[in-house]
Amino acid sequence: MLSTDQWSTIRSLVDWLDSKNGRSDAEITLRLLKITEEAGEVAQAWIGVQGQNPRKGITHIVPDVQDELCDVIVTAAVALASLVGNPETVLSAKLAKIADRAAAH
């Protein structure tokens, strides 16, 4: 879970984006698409850790993957906070559902 300070940072990022780009449906769409972009960077970093591309070899290290995963988390949190006024509550409720589902198995 994100801490109160972390959610404060997320809200500051949302405010900054709102001040620069507004919060139209088109802007929300781009914030949602940004999650996909960041996820692609996770995949690229992991492929680089594995050295899967023989032409390139090993191009990344695990901390690069960690960094990209954090970008996904922050980007998703910004998108969530851009959609709802209570992202903490929404995330907590979703995590509780997931935990319940996992406990049932």
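Colleague: Ala, Val, Leu, Ile, Met, Phe, Trp, Tyr, Cys and Pro count as nonpolar, Asp, Glu, Lys and Arg as charged, and the others, Gly among them, as polar. On that basis, how does the lining of the largest pocket divide by class?

Modeller: The lining has six nonpolar, one polar and three charged residues. This is a predicted model: local features need pLDDT of at least 70 and side-chain atom pairs 80 or more, while totals for chains, interfaces and linings use all residues. Residues are numbered from 1 along each chain, and side-chain values use heavy atoms, without hydrogens and water.

Colleague: Which residues line the largest pocket?

Modeller: They are Leu13, Trp16, Leu17, Glu27, Leu30, Arg31, Lys34, Val74, Thr75 and Val78. A pocket is an open set of 1 Å grid points where a 1.4 Å probe fits, with protein on both sides within 12 Å along at least five of seven lines, and lining residues have an atom within 4 Å of a point.

Colleague: Which helix gives the most to that lining?

Modeller: Helix 2 does, with four residues. Helix 1 (4-21), helix 2 (25-50) and helix 3 (62-83) each supply at least two; helices are DSSP runs of H or I, at least four residues long.

Colleague: Turning to packing, at what angle do helix 1 and helix 3 pack?

Modeller: The angle is about 70°, with the axes 9 Å apart. Helix 1 and helix 3 are therefore roughly perpendicular (65 to 115 degrees). Trp7, Ile10, Leu13, Val14 and Leu17 of helix 1 make the contact (heavy atoms within 4.5 Å) with Val74, Ala77, Val78, Leu80, Ala81 and Ser82 of helix 3.

Colleague: What classes make up that contact of helix 1 with helix 3?

Modeller: There are 10 nonpolar residues, one polar and no charged.

Colleague: And at what angle do helix 2 and helix 3 pack?

Modeller: Their angle is about 170°, and the axes are 9 Å apart. That makes helix 2 roughly antiparallel (over 145 degrees) to helix 3. The residues of this contact divide into 15 nonpolar, two polar and seven charged.

Note on methods
Axes are lines fitted to C-alpha atoms, for helices over the stretch in contact, and angles run from 0 to 180 degrees between N-to-C directions. Angles under 35 degrees count as roughly parallel, over 145 as roughly antiparallel, 65 to 115 as roughly perpendicular and the rest as oblique.
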